[in-house]
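Me: Can you walk me through reading a few features of a model? Let us take confidence, then a sheet, then a helix.

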Amino acid sequence: MRILHYINQFFGQKGGEEAANYPIELVEGPVGPGGALNNMLGETAEITHTIICGDSYFNENEAVAVAGIAEIIEQVKPDLIVAGPAFNAGRYGVACGRVGKLASEMGITCISGMYPENPGYDLYKQTAYMVETKNSAADMRKALPNMAALIKTFVEKGGKLGMPAEDGYMPRNLRVNMFAEKRGAARAVDMLIAKLGGEEFTTEYPMPVFDRVEPFKALASLKDAKIGLVTSGGVVPKGNPDHIESSSAQKYGEYSIEGIFDLTEETHETAHGGYDPVKCNENSDVVLPVDVLRDLEKEGFIGSLHDKFYTTVGNGTSVSNSKKFGAEIAQKLLDAGVSAAILTST
Amino acid sequence: MKLEVGNIHVKELAFGNATALACGENGAHRVEIDKEAIIGFIREIDHRITEVKLDIALPGEATRIMPVKDVIEPRVKVEGKGHMFPGRNAGENDIVGEGRTHVLKGMAVMTTGKVVGFQEGIIDMSGPGAEYTPFSSTLNLVITCEVEESCNQYEHEQILRTVGLETARKIGEIAKTAEADEVNTYETKPLLEQAAQYPDLPKVGYVYMLQSQGLLHDTYLYGVDVKNIVPTLLYPTEVMDGAIFSGNCVSACDKNPSLVHQNSPVIHELYEHHGKKYNFMGVIVTNENVTLADKERSSNWVTKLAVQQGWDAAVVSEEGFGNPDADLVMNCNKLEAAGIKTVLLTDEYAGNQGESQSLADSTPKGDAVISNGNANMIIDLPAMERLIGHDTYVDMIAGGTEGSLRADGSISIEIQAITGATNELGFHNLTARQG
């Protein structure tokens, strides 16, 4: 197992704050805390290379730094990347986290260590395994053995770590699948007995708290308004040209309705897999009301209908994807001078 | 209502000269299927059937079955009124759930074919996908059935549904005179007697939510499409005789094949501690319709019926996700507001990496939730030596994306596409945790 270790200028023995602009340097073998860590790893793994980079340099030139480190990873081809420990050093923690995200994108695991309140944990916890440390480098003598233990476990388990508490890293705020000893129905009845008896039990899924979007203030007049249409009902041009998924959508579509007054069986259909599609395939206006809005446009009830519509499939699509699509669509509507949008769901 | 369920443990399944229960290796039960006779039987079910093929798929084989429409367990009434999967045929309207029923345990009848478009399930009999489906460990008789092109989607679904149920029932008949390897007895008394039997124990029940969102999202209760019911009461044993059966398979991970209803897991687990930890009073079946008015009406009725029976607590299971999350949350809020404690069973759509929140609706009252896994997890399914059914739709099925099916026959897909992977009746062991 070959490890690439990322450390900052201070632990790389280049100096303190005055050396924080130190650019990326690649050296062979372990440096600073890497030496002790390497010894603890024994035969399990070896730190073959170390990247030293100034904290200010990384954070002020993030794109350049990330590209440089990506090149080094390509060249060194490590089996595992270790970053830090960063304790409560904010810029160092953020850099370690960002290196973890890069590693994850390149299909390599990153193990780091930091204080839970380090912003690097909050920003990047989903893309690295982070060992909890205290808030200062005085904790080095505990942090390193903990990181070494996690690396050893990682190797022993063939790269598949168990749950945070079991293997000693901080929660990543990810939902992870596993097989339980008892089937779901038996666990439900056990939980029911505990809840009835007033005994303690742990829910398997803490219900989320939703953010609420305040409705926009009402339009003063519809006569001058440009109205947009957005749907999660999966209406697409016939043949679904961008292959929007029938469930768990990974994209949304932007399609022209310029000169279109009616959606028909010949022109449009739904890509949505979660409802009876027969009616929508016969007449997609029932989900995306182009016909009615064209009438209103002709009558002068609304100013105009925006000549593009936005569409995705809501079926099984994660909230994280939905949020991303929503923000992009909203920006496009704003840029096009759309005054209000009608959102239809199914 | 009292039902004895006699299990005949089937260890071998093969084609033979007659459809019969035979003696296999070391005296084990062996089911033999007269292929031509069963094909003839199926062809007689509906004249619009154009093609029927029978295959046997056994655990450990390099076999992929897809798209899977339904999975059904062969059972037969030995004593007592009624017919398996009642309410469909003339003269079959008796109430079931009483007397004695025999089960060919360990085998299943599956239906496949070009199923109404693009959304159905995968069952791998070996490899990484096999772990995620409970039906990789059953001995499967697979019916590939095609129909005339003139059939619309509703007719097509109905024909395949009937083929599965009738064939399982036909094969179940061979268990009628067999000696059962084990017999389990389940009993729930009429309401007042049941309440009086364990007066000091808390009263609990089961809220059984059934898919009713439309084509390929429908479920049937005594032959009635449950989108047309108001919530009603059942004796738990009725489901063991097929009172509830499936008409859905879309996003196959969390739809209940008929076999899961026949072996309804929450009902069986509630019977385990009945009379010891609580008094299991019965079942409320309800639907998951798509309009707000229907959701409000059904959740109001669920709570009314639970209060009427004096329940102290309930297990509530969902079927499906997204839109039915709203039904789950309404049922939870209204039951808890009526002083009835709830435990909810659901699954999660947390994104491919598990990075997202998992449900489309939420309530702080839902403090006791069983998770049956994250359906968005991606799995790599290697190519198999044998394919039963069709794999041409993989890119388009729920859980698939462009390029899911590779040229070599391997598939990269969300476990959403695997039949039973995140079953929300808690039939299987998959779960998700904060990691």
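Reply: Here is a short walk through those topics.

Me: What are the ipTM and pTM of the model?

Reply: This is a predicted model. Its scores are ipTM 0.97 and pTM 0.88.

Me: What does chain B average in pLDDT?

Reply: Where pLDDT is low, predicted coordinates should not be read in detail. Chain B averages a pLDDT of 95, and 99% of the residues score at least 70.

Me: What is the strand order in the open sheet of three strands in chain B?

Reply: Strands of a sheet pair through backbone hydrogen bonds, parallel or antiparallel. In chain B the order is S14-S13-S16, with antiparallel pairing. S14 (224–225) and S16 (244–248) of chain B stand at the edges; each has a single partner strand, so one side of each lacks a neighbour in the sheet.

Me: How many bridges join S13(B) and S14(B)?

Reply: Two bridges, in the antiparallel sense; S13 of chain B covers residues 217–221. Leu221(B) has Val224(B), in S14(B), as its bridge partner.

Me: Now helix H8 of chain A: what should its 13 residues span?

Reply: H8(A) covers residues 184–196, and at 1.5 Å a residue it should span 18 Å. Its end C-alpha atoms are 18 Å apart, which agrees.

Me: Which residues of H8(A) are buried?

Reply: Gly184(A), Ala185(A), Arg187(A), Ala188(A), Val189(A), Met191(A) and Leu192(A) are buried.

Me: What do the buried residues of H8(A) pack against?

Reply: They pack against elements of chain B, including helix H5 (265–272), strand S12 (203–211) and strand S19 (341–348).

Me: What follows H8(A)?

Reply: Gly198(A) follows, with a positive phi near 70°.

How values were computed: Residues numbered from 1 in each chain as written. Chains lettered and ligands numbered in written order. Predicted model: local features only at pLDDT ≥ 70, side-chain atom pairs only at ≥ 80, totals over all residues. pLDDT = per-residue confidence, 0-100. Pairing = 2+ DSSP bridges. Helix = DSSP H or I, 4+ residues; strand = E, 2+ residues; numbered from the N terminus. Expected span 1.5 Å × (residues − 1). Buried ≥ 20, exposed ≤ 12 C-beta atoms within 10 Å, placed from the backbone. Contact = placed C-beta atoms within 7 Å.
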